Amino acid sequence: MRRLNWSDVTPKPLWLNRRQIIAGTAALMAGPALAKIEAAPSKYSTDAEPNSFEDITSYNNFYEFGTGKEDPAAYAGGLTTDPWSIVIDGLVERPGTYDLSDVLKGQPLEERIYRFRCVEAWSMVVPWIGFQLSGLLDRVGVQPSAKFVAFETLVRPEEMPGQSSPFIEWPYREGLRLDEAMHPLTIMATGLYGEEMPKQNGAPIRLVVPWKYGFKSIKSIVRISLTDKMPPTTWNMLQPSEYGFYSNVNPNVDHPRWSQASERRIGSGLFGGRQDTLMFNGYEAEVAGLYAGQDLAVDY
Ligand code: MTE
């Protein structure tokens, strides 16, 4: 399949381009047409070449739909994402149950092409569409005593077959320190490749924190809570010795069962794709200051 050269083309022709590629390969027959989203380009985008739409939507982790990489694409189609609302509660000035349209109101959408590094030592480059989480938190008003932000995914076993397994204590949970949540690189993503979010990637709205391992980027969010204590998180609850709260991409701190020094770029072939992992996934200049004075081998 021909690779897109994302940086060379404007969004509209690119979108058409992708459609032609898909039509040509007939690989992605499944799924309804996704609505197109307009978004401004971002100064935070990497100029690394994005993975193909097919890579990004066919090799996923979304345990609510099963543990296999193909399960989300196979089983997420039945998820109802409209209507969708998000409870925003805890230490906020304006708690409430916000309809998705209300969550999005006034938040400027950007296209953010980010490197994305999974803890399993593979990576992709994804052209997300989203807005800064800080914009939403400012709108609901964070109380001075808040120190952390906790997130929860939908629990709906009738549409999420993976939730019949007790392997994870549902809901899937994640959390950030407040300064991490307010960082301009941290986005709520509502789409990718110029279209609304495919269900297997966390429709209708998910978190993306590009300097952290992919599991921090929680999908299909229904609750955001401001707290004064570090919240419990799914992978830390499952195996605290392997998955810390911070989970910053760090080639110098290995996972107990494998090295984190290098990664396999999905879609680059069996032999060509190995590359060195960068500190904070390449976002060191932007985020290292958040962790000044912390020992990242302890706060992993
Ligand atoms: N969010 C939920 N709710 N459930 C999940 O299983 N998997 C995480 C993260 N967010 C997961 C989730 C992991 S391990 C990764 S690597 C990324 O989603 C994968 O995102 P992608 O499928 O869009 O590449």
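Start by selecting Pro 204, which sits in the loop between β9 (195–196) and β10 (206–208). The strand and helix names follow DSSP runs, numbered from the N terminus: helices are H or I with at least four residues, strands are E with at least two. Now look at the link from Ala 203 to Pro 204: this peptide bond is cis, with omega near -5 degrees.

Before you click on, know what you have open: it is a predicted model, where local features need pLDDT of at least 70 and side-chain atom pairs count only at pLDDT 80 or more, while totals for chains, interfaces and linings use all residues. Residues are numbered from 1 along each chain as its sequence is written, and side-chain values use heavy atoms, with hydrogens and water left out.

**Another cis bond**

Select Asp 82 and Pro 83 next. A cis peptide bond joins them, with omega about 5 degrees. Pro 83 belongs to the loop between α3 (71–75) and β2. For background, most peptide bonds are trans, and most residues other than glycine have a negative phi.

**Two residues with positive phi**

That brings us to Ala 121, in the loop between β4 (110–117) and β5. Ala 121 is not a glycine, yet its phi is positive, about 70 degrees. Is Ala 121 buried or exposed? Buried means under 20% relative accessible area, exposed means over 50%, and partly exposed is in between (1.4 Å probe, protein chains only). Ala 121 has 8% relative accessibility, so it counts as buried.

Jump to Tyr 193, in the loop between β8 (187–192) and β9. Here too phi is positive, about 50 degrees, in a residue that is not a glycine. With 2% relative accessibility, Tyr 193 counts as buried.

**Around the ligand**

- Asn 60: an N or O atom of its side chain is 2.8 Å from an oxygen atom of the ligand.
- Asn 61: a polar backbone atom is 3.2 Å from a nitrogen atom of the ligand.
- Arg 206: a polar side-chain atom lies 2.7 Å from an oxygen atom of the ligand.

**The open sheet**

Switch to cartoon view and find five strands that form an open sheet with mixed pairing, in the order β3-β2-β11-β6-β7. The edges are β3 (96–99) and β7 (173–177), each pairing on one side only. On average, neighbouring strands of this sheet are turned by 20 degrees against each other, direction ignored; the axes are lines fitted to C-alpha atoms, for helices over the stretch in contact, with angles from 0 to 180 degrees between N-to-C directions. Two strands count as paired if DSSP finds at least two bridges between them.

Select β11 (residues 221–227). Five of its seven residues are buried, so this strand is largely enclosed by the rest of the structure. Strand β2 (residues 85–90) runs parallel to β11, joined by four bridges; find Gly 90 opposite Leu 226 of β11. Strand β6 (residues 148–153) pairs with β11 in the antiparallel sense over six bridges, and there Val 149 has Leu 226 as its bridge partner. Moving on, β6 and β7 run antiparallel with five bridges, where Ala 150 is partnered by Gly 175 of β7.

**Into the core**

Which residues touch the most other members of the largest nonpolar core? Such a core is a set of buried Ala, Val, Leu, Ile, Met, Phe, Trp, Tyr and Cys residues joined through side-chain atoms within 4.5 Å. Of its 73 residues, they are Trp 128, Phe 151, Leu 207, Trp 211 and Ile 224. The largest share, five residues, comes from strand β5 (residues 122–132).

Zoom in on Leu 207. Leaving aside residues up to four places away in sequence, Leu 207 touches a list of residues including Leu 133, Phe 151, Leu 176 and Ile 221, where contact means heavy atoms within 4.5 Å.

**Last stop**

Finish at Thr 46, in the loop between β1 (40–41) and α2 (53–58). Thr 46 counts as buried, at 11% relative accessibility. Its side chain makes a polar contact with the side chain of Arg 115 (3.1 Å).

Conventions
Polar contact = N/O pair within 3.5 Å; in protein donor to acceptor, adjacent residues only side chain to side chain.
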